[in-house]
Amino acid sequence: MESVLRILPISLEQGFAYSLVAIGIVISFRILSFPDLTVDGSFPLGAAVAARLIVAGYPPIVGIVVAVLAGFCAGYATGFLNTRLKINSLLAGILIMTILYSVNLRIMGRSNIQLLTFHTLFSPMEGLGFSRFYLVIPFFFIVAYGLKVLLDLFLHTDMGMAMRATGDNEQMIRALGVNTDKMTLFGLGLSNAFISLSGALVAQDQGFADVGMGIGTIVAGLAAIIIGETLIRAKSVRAFTLAAIIGSIVYKMIISIGLRIGLAPTDLKMATGIMVIVALGLPALKKGKEGKLHLRGI
Amino acid sequence: MNGLTKIFNKGTADEKCAINELSLQIKSGDFITVIGSNGAGKTTLLNLISGTYFPDKGAIFIDGNDVTRIPEYKRASYIGRIFQDPLRGTAASMSIEENLAMAEKRGQKRGLKWGVTKAKRERYRDILSVLELGLEDRLKDPAGLLSGGQRQTLTLLMVTLSIPKLLLLDEHTAALDPKTAHKVLLLSNQMVEENNLTAIMVTHNMQQAIEYGNRMIMLHEGQVRFDVSGEKKKNLTVEMLVKSFGDVLNDETLLTATKAD
């Protein structure tokens, strides 16, 4: 019990920070039914952009805003490959993800940038005589939950409903006069904007940006979504975004516990991968019970 | 309304010529039924009208406006369409009221206004209660929970929320059980008449084709083989059709002819 309490603050901090990735994945996989793999590139893209701008002397908020815009462009590019150039959705994501690896190295100028000695968004929260968790956790909570609520609201507007219908029944909503290509482009942009924002915040929180920090982001995000949706049996849009946040926290807790009881950090990605395989594969093995955990877009 | 004019001339370079130099004028208020055997081009014709595909030759006009190269989503302000598969007309994961709200915005700009307002919800409840399917109490249920017949009825209702210049019914009762099919058909007919809609209904069922609408055309090999309207159509019987066109109609259509008797 005591060890659970000890891992709670770090799980909450990281859980809320990474929940923006999970929310981004909800937009692409869940809302648009688009299995977007840009994630592994757009997460470090946000980190790289923010880090580079902060090191260059810009205020952290500028770095964050530019990171969000860059993420939007990355998602838009994947959407462009799919809708205009008719490249398969999975391949489109992989192509942009691969391209972003070089782009991120270009942006940073080297493979990693340390931010500990620079003024970041979190600098004012340090050295106040009490644990930084007291400020950092509420901050990430407000950002994650606030954006979740805003996204929920958007998805219930006329335009947001058209976006949901694009993922649900593209032919129907096109017959109702919606340019579904535009919806896909905008939705993927929005999704990757969330993910880049997460990268920009995480880089400042942990004090560095690294070109390899994106590896496995998509799998970890999917794991979080699966955990969250199982826990709260999500059916509505609001429940999906809530599940992303809750799942993200629980996922980080599971990982922390795993590390404490002897899981090697190097095996983390394998463990996460196996977790996702089991969660997705188990219903298929139980005959007749067709995918309770079935993720649209996978 | 000026009356709709549609001229089709499509000759594909492909081996299969689904619609061949077909010309058709549709007057405002016409309710046209279309029959023809499989591969006669019935669905292709609807796909061309709605803009799912573009013709290789020829042009399509609605109200005198050339819409030949206008993409499907832009034509939506003119055209409403109901498909054979009941699942295609509604978004399964979205609620009944959301589906209705989306349909009401057909062909209009969609901004950041709240999708389902209280006023809309009240209105939808009233409209749905007329159907006597109990849907008025299930506004927040996802459309995916409804039966095929209910979903098709909902789709039909969705069309009436924003009256199109032209309604395309693509064998929209073929996938339903006979009783539900009959109900949906009656409702469609009532809707077309009440709103004075211009409609095209594709069907496999000769009896239906004769019974409904004021004009009937028969397609064969991508061309209009037979075009009858008004009094002449009213006096038509399935036997007459079978006698005259038995050679061009395939088994399936003939089968429905015998069933309908």
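**View 1. A:R164 sits in helix α6 of chain A, which covers residues 158-168.** Helices here are DSSP runs (H or I, at least four residues), numbered from the N terminus. This is a predicted model, where local features need pLDDT of at least 70, side-chain atom pairs count only at pLDDT 80 or more, and totals for chains, interfaces and linings use all residues. Residues are numbered from 1 along each chain as its sequence is written, while chains are lettered from A and ligands numbered from 1 in the order in which they are written.

**View 2. What surrounds A:R164?** Leaving out residues up to four places away in sequence, A:R164 touches A:I31, A:L155 and B:M94. Touching, or being in contact, means that the C-beta atoms, placed from the backbone, lie within 7 Å. A:R164 counts as buried because it has 25 C-beta neighbours inside 10 Å; the cut-off for buried is 20 or more other C-beta atoms within 10 Å, again placed from the backbone. A:G187 is 23 residues from A:R164 in sequence, and their C-alpha atoms are 9.5 Å apart.

**View 3. Here chain A meets chain B, with 19 residues from chain A and 27 residues from chain B.**

View 4. Among the buried ones are B:I96, B:L100 and B:M102. The buried residues of α3(B) pack against α6 and α7 (170-175) of chain A, plus α4 (118-129) and α5 (148-160) of chain B.

Notes. Helix = DSSP H or I, 4+ residues; strand = E, 2+ residues; numbered from the N terminus. Buried ≥ 20, exposed ≤ 12 C-beta atoms within 10 Å, placed from the backbone. Contact = placed C-beta atoms within 7 Å.
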